[in-house]
Amino acid sequence: MLARGEGNTGLYASRPLAEWVGLSGDLWIKHEGENPTASFKDRGLCVAVSLARRADCRVLACASTGNTSSSLASYAALAGLPCVVFVPAGKISTGKLAQTLAYGARVLEVEGSFDEAMRLVEEAAEAFGLGLLNSVNPWRIEGQKSIALELLDELDWEAPDWIVLPSGNLGNISALGKALREAHAAGLIDRLPRIAGVQAAGAAPFARLVAARRENAAAELLPELAPETLATAIRIGKPRSWRKALREVEALDGEVLALPDEELLDAKAAIDAAGIGCEPASAAAVAGVRRLVAEGKIERGARVASILTGHLLKDPDLTARLHDGSLPGVPAPRPRARRRVASSLDALREALADLLGRAPPPPLR
Ligand code: F0G
C-alpha cells in the first residue's frame with residue numbers, strides 16, 4: 001500500500017465562522033486541505049494507485065480540474081508508474097498545474113472544459129489501455145469514504161445533524177453517503193445525518209436535477225454545456241457520478257444548492273480571515289451552511305460539519321485578486337490590506353496609519 005500519511009486532518013470548531021453562518025452552536029470544519037498534496041483526493045488515490053499497481057496497470061491517467069491530477073501525479077511517482085493527466089486548457093490554477101508537473105505527470109491541455117477532458121480520457125483509456133483513476137473508479141470511492149468515518153470517530157460516533165460539502169463531479173458526495181449508510185447499518189451511528197452538496201451557480205446541473213426530481217421522479221441529468229465559475233475545481237457541466245450521488249442525496253434526505261460566485265468568495269474571505277483558509281471551491285461548504293440556515297432548512301441550534309476540500313495555496317492567484325479588489329463585482333474584504341512603502345520611518349508611520357486605520361501605538365516602555 002502506498003501511503004504518505006493521508007487523513008488525520010484537522011477538525012476545527014470555529015466560533016467566528018459559526019456566528020458568520022448563523023449557528024448558535026459550533027460549526028465543525030474538517031480541513032481536507034491538510035492532506036499530503038493539500039486536497040481530499042489523496043484519500044482515494046492512495047488506495048486506487050496501490051490497487052492499480054497490483055493490477056499491473058502500466059500507465060495511469062485521469063481528467064482533472066487540478067487536484068486529482070496533483071494527487072495522482074504524487075502517488076504515481078511513489079509507485080514508479082508514468083501518468084498522463086488531461087486538464088482543461090487555461091482553466092486550472094497555476095498552483096495545481098505546477099504541483100502536477102512537479103511530481104512528474106505528463107500534462108495534456110485539452111481545449112474545452114473539464115467535461116471534454118473527461119470524455120477524451122475515457123476514450124483514450126479504452127483505446128490505449130490506460131488505467132483510468134477518476135472517481136468513476138470504485139477504488140477511489142472506497143478510499144474517500146474515510147473522510148466520513150474519520151469525522152464520525154472524532155465526534156465520538158454522535159452523528160451531526162448535517163454534513164455540507166462542495167460538489168463537482170459528484171464522487172465525494174457519493175463516497176460520503178455510502179460511508180454514512182454503511183456506518184449506520186453497522187450500528188456505529190444511531191441515526192443518519194442529512195447531507196448537502198453545494199455547486200457554483202454557473203456549473204450546477206446536479207442542483208437543477210435534484211430540483212426537477214421534486215416535480216418528476218424520473219428526471220435525468222441535463223448537462224451544463226458551458227460551465228462557468230471562478231471556483232475552477234468545480235467548473236464541471238456533466239458530472240460523471242450523478243446517478244450514485246442522486247441515490248445518496250435521496251437516501252439521506254439531502255439538499256443540493258447552486259450558489260453564485262459572490263457567495264462562495266464571501267465565504268472564502270470569512271474562512272481565510274478566521275485563520276483557517278481554503279481554496280475557492282471549498283468555501284462552498286461554508287457558504288452552503290449559511291444559505292441553508294438563512295432559508296430555515298438548517299436550524300440555528302443544529303450540529304453541522306462542513307468539509308473544506310482543498311488548501312488556501314491551491315489557488316494563490318485568485319486569492320490575491322480577491323484581496324486586491326480586482327475581481328469584477330467583488331469588493332475586496334479589507335480594502336487597505338496592502339500598500340508599498342518607502343524605506344524610511346516617516347513613510348512607515350504614514351503607511352501604518354493607513355493600513356491600520358489609525359495612528360500606530362506609542363512605543364512600549
Ligand atoms: N472541492 C475541490 C477542491 C475539488 O478539487 C473538487 C473536485 C471538488 C470539491 C468536488 O468533488 O468532484 O467529488 O464532487 N475536483 C476534481 C479534480 C474534479 O479533478 O480535482 P467531486
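Which helix gives the largest share of the lining of the largest pocket? In this predicted model, that share comes from helix 13 (residues 316-324), which supplies 3 residues. The pocket holds about 230 Å³ of space. Its lining consists of 14 residues, and those nearest the centre are Gly90, Leu230, Thr232, Asp315 and Arg321. By residue class, the lining of this pocket comprises 6 charged, 5 polar and 3 nonpolar residues.

The domain assignment divides the protein chain into domain 1 (11-38 + 138-316), domain 2 (41-132) and domain 3 (335-365). Between the centres of domain 1 and domain 3, taken over C-alpha atoms, the separation is 41 Å. Domain 1 and domain 2 each contribute at least three residues to the lining of the largest pocket.

The lining of the largest cavity likewise draws at least three residues from domain 1 and at least three from domain 2. The structure contains 1 cavity of 30 Å³ or more, and the volume of the largest cavity is about 340 Å³. This cavity is lined by 27 residues, with Phe40, Lys41, Asn169, Ala233 and Ile234 closest to its centre. Two or more lining residues come from each of helix 3 (67-79), helix 6 (138-144) and helix 8 (171-185). Helix 8 provides the largest share, 3 residues. The cavity lining divides into 13 polar, 10 nonpolar and 4 charged residues.

An open sheet is formed by 6 strands in the order 1-2-10-7-8-9, with mixed pairing. Its edges are strand 1 (11-14) and strand 9 (255-259), each of which pairs on one side only. On average, neighbouring strands of the sheet are turned by 25° against each other when direction is ignored.

Note on methods: Residues are numbered from 1 along each chain as its sequence is written. This is a predicted model: local features need pLDDT of at least 70, side-chain atom pairs count only at pLDDT 80 or more; totals for chains, interfaces and linings use all residues. Side-chain values use heavy atoms; hydrogens and water are left out. Two strands pair if DSSP finds at least two bridges between them. Helices (H or I, at least four residues) and strands (E, at least two) are DSSP runs, numbered from the N terminus. Axes are lines fitted to C-alpha atoms, for helices over the stretch in contact, and angles run from 0 to 180 degrees between N-to-C directions. Domain bounds come from an automatic or database domain assignment. On a 1 Å grid over the protein atoms alone, a cavity is a set of points where a 1.4 Å probe fits but cannot get out, and a pocket is an open set with protein on both sides within 12 Å along at least five of seven lines; lining residues have an atom within 4 Å of a point. Grid points are joined across faces, edges and corners, and a volume is the space filled by probe spheres set on the points. Ala, Val, Leu, Ile, Met, Phe, Trp, Tyr, Cys and Pro count as nonpolar, Asp, Glu, Lys and Arg as charged, and the others, Gly among them, as polar.
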